[in-house]
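Subject: Model for your files

Dear colleague,

Please find the structure below. My notes on it come after.

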Amino acid sequence: MTGGHINLQRGWPSLALAPSAQLLKSASNVFTSTPKTAASLVYGPSAGYAPLRESLAKWLTEIYSPKSQLQSDRICVTNGASGNLDNILARFTEPGYTRNIWIIEPSYFLACPIFMDAGFQGLMKGVPEDEEGLDVEFLRRGLQESEKKAQQQEPKLKTGTRYAKLYKHIIYCVPTFANPSGKTMSLRRREELVRLAREFDALVVTDDVYDVLRWPEHANDDASQLGSVPPRIVDVDRTLDGGPKDEWGNAMSNGSMSKIIAPGMRVGWAEATPALTLALSQLGATRSGGCPTHLSASIVHEMLSSGALQEHLKDTVNPTFRARYYGMIKAIKAELLPLGFSISVGKPYNESSKPTNEDANEASEAIAEAGGYFTYLTLPSDLSARTSRLAAEALKKPYDLKFAFGDMFQVQGDAGSIDRAADGFGRGIRLCWAWHTEEEIVEGIRRLAKLIKDVRGRT
Ligand SMILES: Cc1ncc(COP(=O)(O)O)c(C=O)c1O
């Protein structure tokens, strides 16, 4: 086998895709304008660079086609989805009063330590995915059980007008092209989830960081025929059954430029009701230091308002990922399915934003779509008990291959999640097409097939 290390675990966009020229032009627009330079080199407003909040509201309205134009008072600028997850916990939770963090499993494994840092060690609970993206009945039973056990009926530490709203539960998920499973949650599940959250005083926090990375699942289909981007859970909360239950609402969307421009930019946004967004932006550290990503935000605004970002997505990012995706799937079919692997990303739920049964026929005619960064494979039964060992062996020569394996996606500290991993998602591996070229991806799949054959040959 030739070539160096291949890392199909890494969920970063390859550097070759970074829009350096557009960023340079955008930065130059800022620094050659005295008012823009002045506006971007001072402490940023707590809710973030106002022109970016406006351009985000316009862009998000275009891509999600909500029933009415989004207003910028629903949006604040963040330093990425990870940082904002921390902010949400700081502002709207208190461990003890907030009973549990419910995390869809297999889970985005880097989220668990963020919850732990906020004091939720031992309080995180996994919720299994089902074919439509979330086992709502499992979650309902868990919420009921948790409420029965709840000891602390009032917040003890975060009290007074500064903490006007604390939630009893946080539900965390990645509803579209999930990390790690690649699944997209159906609209029906999104609605059920919002109703459940309203019933149990939960905030649904979604990392909507892969939504705009989409292409037809089948190579011959025309990308211009894709349906609309599925409504985010925050969009569902905005309109379902007459709109949010109260001024705070029960959903917050975490957006990010990391996967579509570059993670080093550290620019993201949060969207929720204006009351939640305002309170979120009034964190102590933000009030002291200003919006944590101010200069970068001004550069991203130039890219977005000039259309350079949209063009970059349409002409570079999506076509590149699309080609890599087809290359990866073709190689999986040729090399791994004959060895007993299966692809486990579930049905594509690409129905339009219309929710109910009468649209079922229309929905089934929409072309199937794929997207995001990842696919999830289930291993053949003779190998499924040892995905971590396989992953360790894959790192060695001659394979020199890295991939993420099922047990990494357990919800830390939840015994139920460990059991469910043993029976289900733990038998899987996650592969990413964002970092390597198509050729390298295909070589990585070949190395994986060789590893499996070698392991079988030894037993
Ligand atoms: C689901 C999910 N959330 C958050 C992040 C990190 O986002 P950010 O770079 O905006 O902090 C990632 C990156 O892998 C991710 O997959």
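This is a predicted model: local features need pLDDT of at least 70, side-chain atom pairs count only at pLDDT 80 or more; totals for chains, interfaces and linings use all residues.

Residues are numbered from 1 along each chain as its sequence is written, and side-chain values use heavy atoms, with hydrogens and water left out.

The unreviewed UniProt entry gives residues 41-316 the annotation "domain: Aminotransferase class I/classII large". Its positions are in the numbering used here, the feature name is shortened, and the annotation may be inferred rather than shown by experiment. In the model this span is 39% helix and 14% strand, and its end C-alpha atoms lie 31 Å apart. Helices (H or I, at least four residues) and strands (E, at least two) are DSSP runs, numbered from the N terminus.

Helix H11. At 1.5 Å a residue, the 12 residues of H11 (residues 294-305) should span 16 Å, and the end C-alpha atoms are 16 Å apart, which agrees. The expected span is 1.5 Å times one less than the number of residues. Nine of the 12 residues of H11 are buried, where buried means under 20% relative accessible area (1.4 Å probe, protein chains only). Among them are His294, His301 and Glu302, along with Ile299, Val300 and Leu304. The elements covering them include helices H1 (20-31), H2 (34-41), H3 (50-64) and H12 (308-336), as well as strand E2 (75-78). After H11 comes Gly307, with a positive phi near 85 degrees.

Helices H4 and H9. The axes of H4 and H9 (residues 274-281) come within 9 Å and cross at roughly 100 degrees. H4 is therefore roughly perpendicular to H9 (65 to 115 degrees). Asn84, Asn87, Ile88, Arg91 and Phe92 of H4 are in contact (heavy atoms within 4.5 Å) with Leu276, Ala279 and Leu280 of H9.

Helices H14 and H16. The axes of H14 (residues 387-395) and H16 (residues 438-458) come within 11 Å and cross at roughly 115 degrees, so these two helices are also roughly perpendicular to each other. Leu390, Glu393 and Ala394 of H14 make the contact with Leu451, Ile452, Val455 and Arg458 of H16.

Regards

Key: Buried means under 20% relative accessible area, exposed over 50%, partly exposed in between (1.4 Å probe, protein chains only). Axes are lines fitted to C-alpha atoms, for helices over the stretch in contact, and angles run from 0 to 180 degrees between N-to-C directions. Angles under 35 degrees count as roughly parallel, over 145 as roughly antiparallel, 65 to 115 as roughly perpendicular and the rest as oblique.
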